[in-house]
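This report goes through a protein model chain by chain and residue by residue. Please keep the structure open while reading.

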Amino acid sequence: MAQIGYSEKVLEHFMNPRNVGTIEKPDGYGKVGNPVCGDLMEMYIRVKDDIISDIKFKTFGCGSAIATSSMVTEMVKGMNLDKAMKITRNDVADELDGLPPQKMHCSNLAADALHEAIKDYKRKKEVKK
Amino acid sequence: MGRIYLDHASVTPVDPRVLEFAERYLKNDFGNPSSLHSLGLGAKRFIEDARGKIAKLINAEKETCIIFTSGATESNNLAIKGTALRNVAKGKEVAASAIEHMSVLNPMKELQKNGFKLNIIPVDSTGIVDLEKLGGVLTKNTTVTSIMYANNEIGTIEPIKEISEMVHEKGLYLHVDAIAAAGRIPIDVQNDGIDLLTISSNDMYGPQGAGALYIKPGVRLQSILPGGGQERGLRSGTENLFAIAGMGEAARIAKDEMEQENTRLEKIKDKLIDEILKIEESYLTGHPTQRLPHHASFRFSRIEGESILLNMNMRYSIQVSTGSACSSKTLEPSHVLLAIGLKHEEAHGSMVLTLGRSNKAEEVPIIVKAVKETVQKLRKLSPL
């Protein structure tokens with residue numbers, strides 16, 4: 001039975017995902033993927049003084065989809081928005097000690113979901129001004 | 001908690017009795033069966049013994065109807081390409097069901113690239129081949145039609161006898177891939193009207209590295225692996241005697257114990273299906289009654305199969321299988337699940353449990369609990 005070549009860290013995050021859930025009236029919300037393709041991620045953020053004070057996610061998908069979602073939330077909690085915007089898919093994969101090559105593209109959308117949530121926050125802020 | 005292996009459709013463990021039997025070849029009769037000295041003759045006896053046991057398993061006319069190969073993939077390739085190429089003067093059309101294994105579909109596609117017309121026959125939502133469509137595409141030019149005895153992913157058993165009658169009304173040969181069925185349910189190639197039948201060693205508790213092809217007397221096919229002329233010139237190359245000897249013994253055990261084992265496994269399978277279908281938004285895939293006695297396959301909405309597989313393995317040491325895209329090399333969901341009409345998002349949530357000799361009735365509550373908790377955990381994570 002293959003573990004599809006996942007690192008220990010991916011498996012650990014998959015088994016014990018951090019920051020699962022939703023935030024009521026979030027400051028930013030991002031959604032990427034599509035259930036037809038097998039991956040769908042939702043990211044909720046709370047922002048205080050340009051810093052991500054809280055973050056939650058919900059993910060439908062394979063092991064790496066869930067692990068990358070969990071990892072990205074852990075990476076950016078307490079981080080300022082500009083820095084968080086610069087986090088790439090590769091950064092997330094690196095933090096997890098790598099992903100199998102076939103998973104790099106399809107199931108590594110967590111950084112994109114985060115970026116969508118930040119953009120949503122910025123859009124809402126613009127409107128308020 | 002011990003391991004619970006529920007992926008017997010992927011590979012069966014080698015039965016210790018098989019190992020003990022085949023070991024005798026390695027230890028004592030290690031000759032090349034083509035050699036004429038005593039060791040060669042001893043080796044030859046092992047092959048002929050295996051041929052006889054496999055012929056009995058499927059009620060072949062005679063032992064010489066069985067050809068040994070390196071495995072089921074090679075048997076499927078030989079059956080399809082061997083007949084299509086040998087009988088090209090009769091026509092250049094071939095047919096297969098949409099749920100065939102890739103080792104049937106890909107040789108067929110290779111023929112298509114080389115000028116053959118390929119007809120793919122659809123199946124209904126339970127996986128049964130659409131007989132009307134089959135009848136509609138068959139012509140006198142159809143040299144080989146390939147329909148599996150039973151499907152490995154959804155457990156559905158095809159009405160082979162009826163199919164055989166249709167194929168022989170217009171076309172030439174029926175090839176049946178029996179990888180999932182051989183050694184599991186009774187097969188009678190004469191009564192079923194089968195021209196070519198593929199059997200796999202490692203799907204019936206034999207060693208990996210051997211397969212067999214049954215060829216009905218009078219069926220004309222050519223080798224796809226020419227060389228020194230072993231196996232009646234149809235499959236050259238020194239025989240993998242250890243695996244072949246083991247495969248023969250595996251066939252003997254399977255035949256001897258089939259009835260008793262099926263009664264035992266069918267009860268476990270029925271209980272598993274009853275209990276797992278109590279989970280909200282869970283569905284059986286495949287046919288409710290025309291299915292393999294050891295096969296239980298499902299899909300769950302709003303969650304994904306690779307996650308199910310990983311969680312079952314890591315949390316509960318239970319090994320299952322899935323047709324989800326995320327666990328495949330191509331990142332496409334199983335063509336079988338799409339062929340029975342599932343949408344992509346539905347096919348992603350599949351889980352296949354296939355029972356075997358190691359499984360016991362006492363394991364049912366443990367398995368059911370693990371499945372329930374896994375589905376619950378993943379649904380909590382799911383935004384759907």
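## Overall form of chain B

The model is predicted. Chain B contains twelve helices and twelve strands. Its C-alpha trace extends over about 65 × 50 × 35 Å along the principal axes.

Of the 384 residues in chain B, 60% are buried. Among contacts in chain B with a separation of 6 or more, 71% join residues 24 or more positions apart.

## Surface and charge of chain B

Chain B carries 46 positive and 47 negative side chains. The centres of these two sets are 2 Å apart.

## Helix 2 of chain B

Helix 2 of chain B runs over residues 38–57. At 1.5 Å a residue, its 20 residues should span 28 Å; the end C-alpha atoms are 29 Å apart, so the span agrees with the expectation.

The buried residues of this helix include B:G40, B:G42, B:A43, B:F46 and B:I47. Further along, B:A50, B:R51, B:G52, B:K53, B:I54, B:A55 and B:L57 are also buried. Their cover includes helix 1 (16–28) and helix 8 (241–276) of chain B, together with strand 2 (66–69), strand 7 (196–200) and strand 8 (211–215) of that chain. Just after helix 2 of chain B comes B:N59, which has a positive phi of about 55°.

## B:T374

B:T374 belongs to helix 12 of chain B, residues 364–381. Is B:T374 buried or exposed? B:T374 has a relative accessible area of 0% and therefore counts as buried, the cut-off being under 20%. Leaving out residues up to four places away in sequence, B:T374 touches B:I308, B:N311, B:M312 and B:Y316.

## A:I45

In chain A, A:I45 is part of strand 2, residues 39–48. A:I45 is buried because its relative accessibility is 0%. Not counting residues up to four places away in sequence, the residues that A:I45 touches include A:I23, A:P26, A:D27 and A:G28. Others among them are A:I52, A:D54, A:I55, A:A117, A:I118 and A:Y121.

A:K56 is eleven residues from A:I45 along the chain, and the C-alpha atoms of A:I45 and A:K56 are separated by 6.6 Å.

Note on methods. Residues are numbered from 1 along each chain as its sequence is written. Chains are lettered from A and ligands numbered from 1 in the order in which they are written. This is a predicted model: local features need pLDDT of at least 70, side-chain atom pairs count only at pLDDT 80 or more; totals for chains, interfaces and linings use all residues. Side-chain values use heavy atoms; hydrogens and water are left out. Helices (H or I, at least four residues) and strands (E, at least two) are DSSP runs, numbered from the N terminus. Buried means under 20% relative accessible area, exposed over 50%, partly exposed in between (1.4 Å probe, protein chains only). Contact means heavy atoms within 4.5 Å. Lys and Arg count as positive and Asp and Glu as negative; His and the chain ends are not counted. The place of a charge is taken as NZ of Lys, CZ of Arg, CG of Asp or CD of Glu. The expected span of a helix is 1.5 Å times one less than its number of residues.
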